[in-house]
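Please go through the briefing below with the coordinates open beside it.

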Amino acid sequence: MKIVLKKYILQLAHTFTISRESRDEQDTLIVGLSLNGKTGYGEATSNDYYKITIEGMMAEIETVRNQIEAYDFDTPKNFYEFLESLHLHKFTLCALDLAANDLYGKLRGKPLYELWGTAVDKYPMTNYTIGIDTIEKMVAKLQEKPWPLYKIKLGTSDDVAIVRELRKHTDSVFRIDANTAWTAEETIKNATLLKELGVEFLEQPLKADDWEGMALVKEKSVLPVIADESCIVEEDVERCGPYFHGINIKLTKCGGLTPGRRMIKKGKELGLQLMVGCMTESTVGISAIAQLLPQLDYVDMDGAMLLKSDIATGVTILEGGRVVFPELPGSGIELL
């Protein structure tokens with residue numbers, strides 16, 4: 001097996017702002033794993049919040065390149081167990097695991113969702129994300145991209161007023177993501193007002209470790225609450241169960257499709273609503289997420305839609321939310 005690593009700087013169509021940062025571009029690592037004339041592709045983005053750089057991930061892979069290239073690849077599950085023995089960071093694991101899954105599907109000649117025994121005749125629609133900005137610019141983004149379902153990033157001093165103004169310009173469903181910016185009392189109060197404005201659920205309103213606050217929110221919020229920053233890896237699913245109505249699984253943060261599928265299984269056992277989210281990946285990462293669609297209640301896979309230009313072909317999201325799966329097997333990815 002051969003490894004190819006490449007860093008890309010993805011230019012965003014608009015400045016993207018959440019409660020703790022703003023950015024105009026997103027660095028990302030693309031990993032290619034080649035075997036028997038087939039190449040699988042995986043992706044992991046950099047992240048200041050988690051102190052992850054592309055250079056760090058590349059250096060980490062280089063230290064174990066010979067061991068990986070000498071591995072006798074058979075299944076993604078066995079390969080993942082091998083990778084874990086190398087003690088790699090979860091973001092690095094994700095890029096390698098996504099590539100291994102794509103490669104496995106291409107070697108088998110079938111899309112991953114089919115190998116997993118699922119069909120894509122029914123699936124949840126992705127939301128389209130509107131980052132924090134001036135009201136005028138947030139409205140302009142709505143009008144530029146008419147969409148049935150929006151995720152609105154909040155974490156300002158006038159959050160409810162923002163949603164109230166946006167509601168004047170669209171009848172679409174809203175989801176709210178405060179990215180840990182609220183207190184429990186704010187969340188409970190805001191939930192009542194936001195429900196009247198057509199909000200479907202709240203994502204991670206409190207700090208990731210504010211379990212006491214989340215207990216109060218779950219008891220008193222009139223809107224469901226979905227964990228994100230509180231649910232990073234597999235062990236977090238069970239911990240989140242008593243405090244949230246659902247979980248948002250990020251493949252980059254948990255280590256890829258292999259642990260992500262186990263998190264989905266555990267979430268179902270606990271009766272949680274299941275969502276998979278993105279980290280502003282290109283179509284490489286989004287195509288991997290799409291393989292999970294039949295297993296999900298919600299999905300946030302608009303990363304490639306937020307870019308000025310893409311670096312790959314694969315799963316395509318059409319206007320109105322319909323997803324087109326490519327004929328190419330695995331995750332269906334080809335680099336441009």
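Helices α4 (90-108) and α12 (257-269) pack at an angle of about 90°, and their axes lie 8 Å apart, where axes are lines fitted to C-alpha atoms, for helices over the stretch in contact, and angles run from 0 to 180 degrees between N-to-C directions. That angle makes α4 roughly perpendicular to α12, given that 65 to 115 degrees counts as roughly perpendicular, under 35 as roughly parallel, over 145 as roughly antiparallel and the rest as oblique. The model is a predicted one, in which local features need pLDDT of at least 70 and side-chain atom pairs count only at pLDDT 80 or more, whereas totals for chains, interfaces and linings use all residues. Residues are numbered from 1 along each chain as its sequence is written, and side-chain values use heavy atoms, with hydrogens and water left out.

**Helix packing around α12**

- Where α4 meets α12, the residues involved are D97, L98 and N101 in α4 and L257, T258 and P259 in α12; helices here are DSSP runs of H or I with at least four residues, strands are runs of E with at least two, and both are numbered from the N terminus.
- Helix α3 also packs against α12, at an angle of about 105° and with the two axes 9 Å apart, and α3 and α12 are therefore roughly perpendicular to each other.
- In this second pairing, P76, K77 and Y80 in α3 meet T258, P259 and R262 in α12.

**The buried side of α3 (76-85)**

- P76, F79, Y80, F82 and L83 are buried in α3, where buried means under 20% relative accessible area, exposed over 50% and partly exposed in between, with a 1.4 Å probe and protein chains only.
- These residues cover an arc of only 160° around the axis, which puts them on the same side of α3; the arc is that of the directions from the helix axis to the C-beta atoms.
- As background, an α-helix has 3.6 residues a turn, so residues three or four places apart point the same way.
- The buried residues of α3 pack against β2, α2 (65-70), α4, α11 (251-254) and α12, contact being defined as heavy atoms within 4.5 Å.

**Nonpolar cores and a covered helix**

- The largest nonpolar core has 80 residues, of which I152, I176, L194, I247 and M301 touch the most other members; such a core is a set of buried Ala, Val, Leu, Ile, Met, Phe, Trp, Tyr and Cys residues joined through side-chain atoms within 4.5 Å.
- Apart from that core lies another, of 30 residues, which includes A44, I68, Y71 and F79.
- Setting aside neighbours within four places in sequence, I152 is in contact with I130, M138, L166, F174, R175, I176 and D177.
- Helix α13 (residues 283-290) is mostly covered, with eight of its eight residues buried, among them T283, V284 and G285.

**Buried residues in and beside strands**

- G42 is found in strand β3 and counts as buried at 0% relative accessibility.
- Beyond neighbours within four places in sequence, G42 is in contact with L29, I30, V31, A95, L98, A99 and V284.
- K250, in strand β9 (residues 246-250), is buried with a relative accessible area of 7%, and its side chain makes a polar contact with the side chain of D228 at 3.1 Å; a polar contact is a pair of N or O atoms within 3.5 Å, where within protein one must be able to donate a hydrogen and the other to accept it, and residues adjacent in sequence count only if both atoms are side-chain atoms.
- Not counting residues up to four places away in sequence, K250 touches D228, G277, C278 and M279.
- N47 lies in the loop between β3 and α1 (54-63) and is buried, with a relative accessible area of 13%.
- The side chain of N47 reaches the backbone nitrogen of Y50 at 3.0 Å, and, leaving aside neighbours within four places in sequence, N47 is in contact with I52, F91 and M279.

**Positive phi angles in loops**

- N36, although not a glycine, has a positive phi of about 55°; N36 sits in the loop between β2 (21-35) and β3 (38-45) and counts as exposed at 66% relative accessibility.
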